[in-house]
Amino acid sequence: MPKAGSTLRLDGDGKPIWVLLELTYQCPLKCVFCSNPVDFDRFREDELSTEEWKRVIHDARQLGAMQIGFSGGEPTLRKDLEELVAEANALGYYTNLITSGIGLTAKRLGALKEAGLKHIQLGFQSSDPATANRLAGVECFDRKLAMAREIKAQGFPMVLNVPITRDNIGQVPEIIELASELGVEYLELANVQYYNWALLNRDALLPTREELERAEEAVKSARQRLGDGMTIFFVIPDYYEGRPKACMNGWGSIHLTIAPDGTALPCSQARTIKGLEFPNVRRHELEWLWRESPAFRKFRGNKWMKEPCRSCDERDRDFGGCRCQALLLTGDAANTDPACSKSPHHHVIQQAIRQAATAERHAASLIARQGGHELGREAT
């Protein structure tokens with residue numbers, strides 16, 4: 001398998017070139033691998049207003065942001081989504097909607113296209129209805145499939161994003177065929193990263209190395225067969241690779257996430273790092289927040305690094321890995337990401353692999369994301 005560490009070097013020249021707006025944590029699905037905070041429901045009453053989101057969009061553009069993603073939870077639960085997309089489009093952003101497809105209709109897709117939406121990333125759980133519905137926690141396969149066809153019918157470029165777990169990794173060939181039949185330009189087979197709900201379910205979700213190798217062979221075969229007809233990304237879990245991913249190209253380097261309550265984060269998982277006070281756009285200017293706030297400066301560069309990262313000749317390639325994963329698995333965000341074989345905590349990853357490989361797989365034991373938002377309702 002190829003190294004998990006990213007070989008792509010994207011220099012934002014100190015600018016947050018990619019901005020992700022998590023408009024709401026509410027969602028009609030109850031995915032067992034959801035990356036939203038496990039206590040997400042406490043943010044329900046504190047979401048930014050339309051005007052507050054518009055100010056964020058303007059300020060980020062002035063800082064040099066070029067691409068903007070509208071995400072969640074499920075962003076289509078915000079009835080002001082079209083208005084926010086139009087605002088971003090007018091400012092020259094490349095606009096991207098990251099959605100489950102639940103809450104979209106043909107009419108609303110048309111309105112989003114008119115507002116200037118350029119691209120859609122549709123989350124999909126499986127090519128098999130029973131598996132898809134089980135992983136999503138609700139009966140949603142047919143609706144998602146119909147919406148995928150409608151997205152393409154309306155001419156949107158689309159990424160079909162399929163989080164890969166032990167449940168669906170054996171279905172990779174069928175998933176590829178479904179994506180090809182739908183006519184999507186990009187298929188992302190992204191092995192789940194283990195935070196929040198996924199971490200709670202890790203023993204049941206983590207594939208074995210053998211399963212990963214079979215899936216990778218299926219991807220290679222499909223790439224040869226399909227040629228340039230569809231680009232397939234196969235994102236493997238760094239648990240197996242001996243090197244961590246170059247998370248967000250480094251802390252506070254090119255990526256800025258704004259949570260539903262206005263909290264600014266270097267990545268969507270950073271809130272898990274206790275002891276860091278992340279600034280809020282309601283109380284601070286975005287430029288100060290990005291350039292000067294202690295939280296964003298905490299892990300920039302390499303001066304914060306401990307050994308073995310401090311003297312490692314790969315430190316400017318993987319940036320020490322993921323600070324959130326280091327915290328969750330070692331208790332200290334400044335430790336070397338335990339996914340790295342050089343980390344003194346690498347045994348934690350090895351133990352997790354052994355434990356998942358021997359764990360009995362019972363669907364009933366999966367902990368589903370709670371508090372799903374009813375279909376048809378919209379956040380304010």
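Guide: In this predicted model, a residue is called exposed when its relative accessible area is over 50% and buried when that area is under 20%.

Visitor: Which exposed residues does the face of α3 turned away from its buried side carry?

Guide: Helix α3 spans residues 106-115, and its buried residues are Arg108, Leu109, Leu112 and Ala115. Because these cover an arc of only 120 degrees around the axis, they lie on the same side of α3. The face turned away from that buried side carries the exposed residues Lys107 and Glu114.

Visitor: Against which elements do the buried residues of α3 pack?

Guide: The residues concerned are Arg108, Leu109, Leu112 and Ala115, which are the buried ones of the helix. Their packing partners comprise both helices and strands, namely α2 (81-90), β3 (94-99), β4 (119-123) and α5 (141-153).

Visitor: How many nonpolar, polar and charged residues has the contact of α5 with α6?

Guide: On the α5 side, Leu145, Ala148, Arg149 and Lys152 take part, and they meet Leu178, Glu181 and Leu182 of α6. Sorted by class, the contact has four nonpolar residues, no polar ones and three charged.

Visitor: Which strands are the edge strands of the open sheet?

Guide: Nine strands make up this open sheet, with mixed pairing, and their order is β7-β6-β5-β4-β3-β2-β1-β8-β9. An edge strand here pairs on one side only, and the two for which that holds are β7 (231-235) and β9 (264-265).

Visitor: What is the bridge partner of Leu21 in β2?

Guide: Strand β1 (residues 18-22) and strand β2 (residues 67-71) run parallel and are joined by five bridges. Within this pairing of β1 with β2, the bridge partner of Leu21 is Phe70.

Visitor: What angle does the direction of helix α1 make with that of β1?

Guide: Helix α1 (residues 50-63) packs on the sheet, where it touches β1, β2 and β8 (255-258). Its direction makes an angle with that of β1 of about 175 degrees.

Visitor: What percentage of the residues of the chain count as buried?

Guide: The secondary structure of the chain comes to 14 helices and nine strands. Out of its 380 residues, the share that count as buried is 57%.

Key. Residues numbered from 1 in each chain as written. Predicted model: local features only at pLDDT ≥ 70, side-chain atom pairs only at ≥ 80, totals over all residues. Heavy atoms only, no water. Buried < 20%, exposed > 50% of the residue type's maximum accessible area, 1.4 Å probe, protein only. Helix = DSSP H or I, 4+ residues; strand = E, 2+ residues; numbered from the N terminus. Arc of directions from axis to C-beta. Contact = heavy atoms within 4.5 Å. Nonpolar A, V, L, I, M, F, W, Y, C, P; charged D, E, K, R; others polar. Pairing = 2+ DSSP bridges. Axes fitted to C-alpha atoms, helices over the stretch in contact; angles between N-to-C directions.
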